[in-house]
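Here's a quick walk through one model, with a stop at each of two chains. Have the viewer open as you read.

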Amino acid sequence: MSDNQFYESFEELQQSHPDLDSKELVLNMGPQHPSTHGVLRIILKLDGEKVNGLECVIGYLHRGIEKIAESRTWTQFAPFVDRLDYTAAVANNLGYCLTVEKLLGVEVPKRAQYIRVILTELARLASHQVWLGTHVLDIGAVTPLFYAFRDRETILNVFEKYCGARLTTHSFRIGGCRWDAYEGFSSEVLRICDDLLPKIDEYKNLITGNRIWLQRTKNVGCISAEDCLSFGITGPVLRGSGVAWDLRKAQPYSSYEDFEFDVPIGSAGDTFDRYVVRVEEMRQSIRIIRQAVEGLPEGPIIARVPKVIKPPVGEVYLSTEAPKGELGYFMVSDGTPQPYRLRVRPPSFINLQALEKMSKGGLVADVVAIIGTLDIVLGEVDR
Amino acid sequence: MPEGPEGNLPEPAPEKAPTTPAPAASAAAPAPKPVPLPWDCEMVQQLKAAYGDAILQAATFIGQNFLVVDRSICRQLLATLCQEHSYDRLTDLTAVHYPKDELPIEMVWILYSMSNNVRVRVKARFADGEEVPTLTDHWVGANWMEREVYDMFGVRFAGHPDLRRILLPDEWTGFPLRKDYALDKQDTDWVRKNLGIESGQ
């Protein structure tokens, strides 16, 4: 092609150059790719820069967690759930403990419920900070990553002081909490809340009005509320499409009914709306934490639970609002100290399924933005 | 509430995960065991009128409703629940393997109604090797969930558009979540060929 002629369309170019190879390009992305947030492999079918279709190949991090559960006792399995969504291990732990407690019929003391809420909301903040930093980094802004990770550090310090671990915390036990709030816990958590609120404004100042950010996120990866329903999508992705559905409000657990907070929603269901929803959720988490710390009741932190946990024969499904969406546990007990079957309903796995729908027809660069906005964790996708 | 020897200790309570379970501890004061109670409501009556004996059980267990149905009507019933009774979201679907039973595969569908904020579990038993009707035409999201059930249990779904393994490698043999698949079992041929090591254990 020596001419400098301008072609109106790709078809026109093909007509004037029939020898031009215009086959669909199949491009492999991952599993080792920084923007896939782990070991996700995507087979892209491209027409130039346009995505004609894609296929997710998952399972690189499959550890057979559900199989392992069948050979552990109910108590022994609890630390394993930390390894699902490792950016918010506390939230996984809460869901697991609540489900076993439901099967056992155990009432958790109020103080333990409040401590659980405080730590879970801190985990939500930490998880959203990881999302914010990496998502924005994928799109090309490097600075917010350092801001978000700097502030996440203060939250991880609380986890470390509380239970000794920063990521895989195993912070709760069946029946309540293993540890009481340490000395100075309340004041430290309140200080984090006070510090974080202006910092969320700082994130917004850095990102929200940025022209490149707007161009990369507005009308990118749109998904309608009906599609969300059909895919089973939950969490901030569903709320970004305008459905005000949050399990903390719909089916409150662990005393969430005691706290006042709003459920932020978007309208267009695009990447920008999901960004706004998650950032607003961080403010709401701070609101919940403040109320929980100020109203933290005195009393025992763990209920009377038998040493060997043998739930009655039966099945239970319970779900909680994890940072990524509805995290459910389906448990079948045959009355022995080990689960007969334990199924995790992972929000990331189910949300990831919409990646093809959201990316199709868009540009290949937007795939990276959409993976970021879905906020998946491969530990949870692959289990 | 089950009574145990452990009290509400103000000091850090001892670990509740003993490596050797103490048998004496389980002989604590017995609490009344929860049992499934009959579940009756307008919807159940309508379903019973429509499907008759194919609704094997409608019950509530610790406040959670479930239906046990005959496998012949499961697809139709799930569609009815979705379209007429506003159970519009398929939260999850999975299977449980009971190798000693005549119909060893129990399929479990968990539905949720966005408008009424209620859940229901629908269960149906299938024979080994029998095909389960797919739900991908009602809920797109059933696609991966059914693939996972196929991957883990070897259950085939009739009408599924793309029934392949999802978490395990495509060439893997065996279905890990079946009860006859031992915990340390693995596809050693696959491991040798693809990973170049003798054993993954």
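## Chain B, end to end

In what order do the elements of chain B run from the N terminus on? They go α-β-α-β-β-α-β-β-β-β-α-β-α. Counted up, chain B has five helices and eight strands. Helices here are DSSP runs of H or I with at least four residues, strands are runs of E with at least two, and both are numbered from the N terminus.

Among the chain B contacts with a separation of 6 or more, 43% join residues 24 or more positions apart. A contact is two residues whose C-beta atoms, placed from the backbone, lie within 7 Å.

## A sheet in chain A

Over in chain A, three strands form an open sheet in the order β6-β7-β8, with antiparallel pairing; strands pair if DSSP finds at least two bridges between them. At the edges sit β6 (314-322) and β8 (339-345) of chain A, each pairing on one side only. From one strand to the next, the twist averages 15°.

Nine bridges link β6(A) to β7 (residues 325-333) of chain A in the antiparallel sense. Ser319(A), for one, has Gly328(A) in β7(A) as its bridge partner. Helix α4 (residues 89-104) of chain A packs on this sheet, touching β6 and β7 of chain A, and its direction makes about 150° with that of β6(A). Axes are lines fitted to C-alpha atoms, for helices over the stretch in contact, and angles run from 0 to 180 degrees between N-to-C directions.

## About the model

This is a predicted model, where local features need pLDDT of at least 70, side-chain atom pairs count only at pLDDT 80 or more, and totals for chains, interfaces and linings use all residues. Residues are numbered from 1 along each chain as its sequence is written, while chains are lettered from A and ligands numbered from 1 in the order in which they are written.
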